[in-house]
Amino acid sequence: MNTIDVIIPTYKPDHSLFTLIDDLEKQSVRPDHIIIMNTEKKYWDQLLEKTKENPQDKYDNIILEHVTKTQFDHGNTRNEGVALSKADYFLMMTQDAFPRDKMLIASLSKAMDSDVAVAYARQYPKTDCNLAERYSRKFNYPNEPMKKTQKDVERLGIKTYFCSNVCAMYRRDIYDKLGGFTKKTIFNEDMVYAGTACQNGYAICYVPEAGVIHSHNYSCKQQFHRNFDLGVSQTDHPEIFGGISSEAEGKKMVRQTIDHFRHIGKSYLIPHYIIMCGSRWLGYKLGRNYKKLPRSFILACTMNKDYWV
């Protein structure tokens, strides 16, 4: 029986984190450990004070580690979490994703063949999710399972390396061989890892029967900042993204979403959606060209200001 740990980076957690922990403890395959990499101890202490609860008192498998905001890094903080684990597989999750059923861990672990570096779950929208974001879940997370390798780049393009640390399970032995997540990264550490794995002969699996509830209703401004950092991450890793364009996939999603709005009789949503896409595109393009921009402008555009310190 393979051992499995769950690793969750947290920042300013609220009571929903304890709901997530309860859901994970009730899985058909209970994790050996749940490792929480929390940014800023004061926020954790405030949560305990507010809720009068402590998961470490309730469960015997919780490992808690605190880092400061200046120490946090999307890649290296995850590496530090993995260093606390001795499990065969580890499941990376975000604090705002919740298992859709009790089979999440079991379904992902079944996909972990010897050549599979990482297997990621399907994302389902929350009840308050807007229609554009709801359709993007359909576009990025279809019904059919996929096993992707470097041979699929010509056919799938950037989609070959698509992964998601919202909920993804990793083989520890392959992780160690590849050297883990990139030590310093602004964003997109999951796709950088997936791309590296593919280029080294391993596979990425999409497991639709493993589901989590997760979505955001980002504003145009938030989309701009997020996609700026996405562009930066792709520029910083030409070994992964240099030969592949992600814009064709983006245009395809825009076209299909607009067609979907027309099909369901909600064409009035199209103008705002186009503005939203323009915000994404502008942020991405500026991020891709960040080396030509003055530092003050970069700091105004980025979502992760501490990365530039």
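**A helix pair and its surroundings**

A: Happy to. The unreviewed UniProt entry annotates residues 6-178 as "domain: Glycosyltransferase 2-like"; such annotations may be inferred rather than shown by experiment. This is a predicted model, where local features need pLDDT of at least 70 and side-chain atom pairs count only at pLDDT 80 or more, while totals for chains, interfaces and linings use all residues. Residues are numbered from 1 along each chain as its sequence is written, and side-chain values use heavy atoms, leaving out hydrogens and water.

Now to the pair. Helix 10 (residues 220-236) and helix 13 (residues 270-288) have axes that come within 6 Å and cross at roughly 30 degrees. Helices are DSSP runs (H or I, at least four residues), and axes are lines fitted to C-alpha atoms over the stretch in contact, with angles from 0 to 180 degrees between N-to-C directions. Contact (heavy atoms within 4.5 Å) involves residues including F224, F228 and G231 of helix 10 and I275, M276 and G283 of helix 13. By class, that contact has ten nonpolar, nine polar and two charged residues; Asp, Glu, Lys and Arg count as charged, and Gly is among the polar ones.

Just after helix 9, G201 has a positive phi of about 90 degrees.

Key:
Helices (H or I, at least four residues) and strands (E, at least two) are DSSP runs, numbered from the N terminus.
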